[in-house]
Amino acid sequence: MPSSLSALAERLRFLLPAGWRPAHPVVPVVRLSGVIGAVMPLRQGLSIAAVAPALERAFATRDAAAVAIVINSPGGSAAQSHLIFRRIRALAEEKKLPVFAFIEDAGASGGYMLACAGDEIFADPSSLVGSIGVIAAGFGFDKLLDRFGVERRLHTAGTSKAMLDPFSPERPEDVARLKGIQAQIHAMFVALVESRRAGRLKGDREALFSGAVWAGAEAQGLGLVDGLGDLGAVLRERFGEKVRLKPVAVARPGLLARVLGRREPTIEDGSAGAGLIDPGAVIAAIEERAAWARLGL
């Protein structure tokens, strides 16, 4: 059959009864892109609530040979990262399907935790991989208040309720408490990576879990990823040239939903007179930009 007729037959294949169609492997593809856990009306981050429906649809795909997860994230919320990771693994075990993870620009921090949900992880040579650590960042405005003669009035019930309040001087006991919490989360992250990458990690353990980030080729040498390659090339090699990649979109709120979701500013919460600029959205955008900037992106 001439190539043009073959191509036409392939395009019209969907018109045939299901039993007459040639069976080609199907791999649903879910893309997880952005900062994890940063959710604002105009800036939708990755959360279990947002991505769970897409994951459910992907793993429920009829005749799926595997599920592919494409990751492009600098990290974010440890809790949301872990919840998404656990949901992927639960579905993979329930449906008995292998999971392939593909890192694009970055699979760092929580983004790498998502990648660890894959039975195999692939990256581009220039992908940024790792950052297995925990970070907390903020600002201290107490000296600024002193400069302008502003008095901070803060009343709490509970000695730790105002821990690390940005308008009060930093207290050593608050820092110690924060570091203790970070250590617990870091230990969980390390245990997760060691479990999922058992027998594949190489190099110095302290360096691997220092929070450092590596380019894809070096990450492969350290065992953080299994290979270098893109989604299409790897899956064609595994399942043949006729493999069908089926995108399963993570729902994002449309423009109308975002507009309707914006509440009216009120005097009670101090947002009256804010106009079209939402300070919360601005802060979220700055925080998201900072997350990418930590990786040099």
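**Helix packing, nonpolar cores and selected residues**

The protein chain contains 11 helices and 10 strands. Helices (H or I, at least four residues) and strands (E, at least two) are DSSP runs, numbered from the N terminus. The model is predicted, so local features need pLDDT of at least 70 and side-chain atom pairs count only at pLDDT 80 or more, while totals for chains, interfaces and linings use all residues. Residues are numbered from 1 along each chain as its sequence is written, and side-chain values use heavy atoms, with hydrogens and water left out.

Of the 297 residues in the protein chain, 35% are buried. Buried means under 20% relative accessible area, exposed means over 50%, and partly exposed lies in between (1.4 Å probe, protein chains only). Contacts (heavy atoms within 4.5 Å) were also sorted by separation in sequence. Among those between residues at least 6 apart, 71% join residues at least 24 apart.

In soluble globular proteins, nonpolar side chains tend to be buried together. A nonpolar core is a set of buried Ala, Val, Leu, Ile, Met, Phe, Trp, Tyr and Cys residues joined through side-chain atoms within 4.5 Å. The largest nonpolar core here has 46 residues. Val30, Leu32, Ile69, Ile88, Tyr112 and Leu224 touch the most other members. Two or more residues each come from β1 (26-33), α2, β4 (67-73), α3, β5 (99-108), α4 (110-115), β6 (120-123) and α6 (172-196). Helix α2 gives the most, with six residues.

Isoleucine 69 belongs to the largest core. Its neighbours within four places in sequence are left aside here. Isoleucine 69 is then in contact with Val30, Leu32, Leu55, Ile88, Val99, Phe100, Ala101 and Phe102.

Two packed helices are described by the angle between their axes and the distance between the axes. Axes are lines fitted to C-alpha atoms, for helices over the stretch in contact, and angles run from 0 to 180 degrees between N-to-C directions. The axes of α2 (residues 48-59) and α3 (residues 78-95) come within 10 Å and cross at roughly 15 degrees. Helix α2 is therefore roughly parallel to α3. Angles under 35 degrees count as roughly parallel, over 145 as roughly antiparallel, 65 to 115 as roughly perpendicular and the rest as oblique. The crossing of α2 and α3 is right-handed. A crossing is right-handed if the near helix is turned clockwise from the far one by less than a right angle, and left-handed if anticlockwise.

From α2, the residues Ile48, Val51, Leu55, Glu56 and Phe59 take part in this contact. They meet Gln80, Leu83, Ile84, Arg87, Ile88, Leu91, Ala92 and Lys95 of α3. By class, the contact of α2 with α3 has nine nonpolar, one polar and three charged residues. Ala, Val, Leu, Ile, Met, Phe, Trp, Tyr, Cys and Pro count as nonpolar, Asp, Glu, Lys and Arg as charged, and the others, Gly among them, as polar.

Helix α3 also packs with α6, at an angle of about 25 degrees and with the axes 12 Å apart. These two helices are therefore roughly parallel to each other. Their crossing is left-handed. Ala78, His82, Phe85 and Arg89 of α3 make the contact with Ile185, Met188, Leu192 and Arg196 of α6. Five of the contact residues are nonpolar, one is polar and two are charged.

Arginine 196, in helix α6, counts as buried at 18% relative accessibility. Leaving aside neighbours within four places in sequence, arginine 196 is in contact with Phe85, Arg89, Cys116, Ala117, Gly118 and Asp119. Arginine 196 and aspartate 119 are 77 residues apart along the chain, yet their C-alpha atoms are separated by 7.8 Å.

Most residues other than glycine have a negative phi. Serine 109 has a positive phi of about 55 degrees. Serine 109 is found in the loop between β5 and α4 and is buried, with a relative accessible area of 15%. The phi of serine 131 is also positive, near 55 degrees. Serine 131 lies in the loop between β7 (128-130) and α5 (142-147) and counts as buried at 17% relative accessibility.

Alanine 136 is likewise found in the loop between β7 and α5. Alanine 136 is partly exposed, with a relative accessible area of 47%. Not counting residues up to four places away in sequence, alanine 136 touches Leu178 and Gln182.
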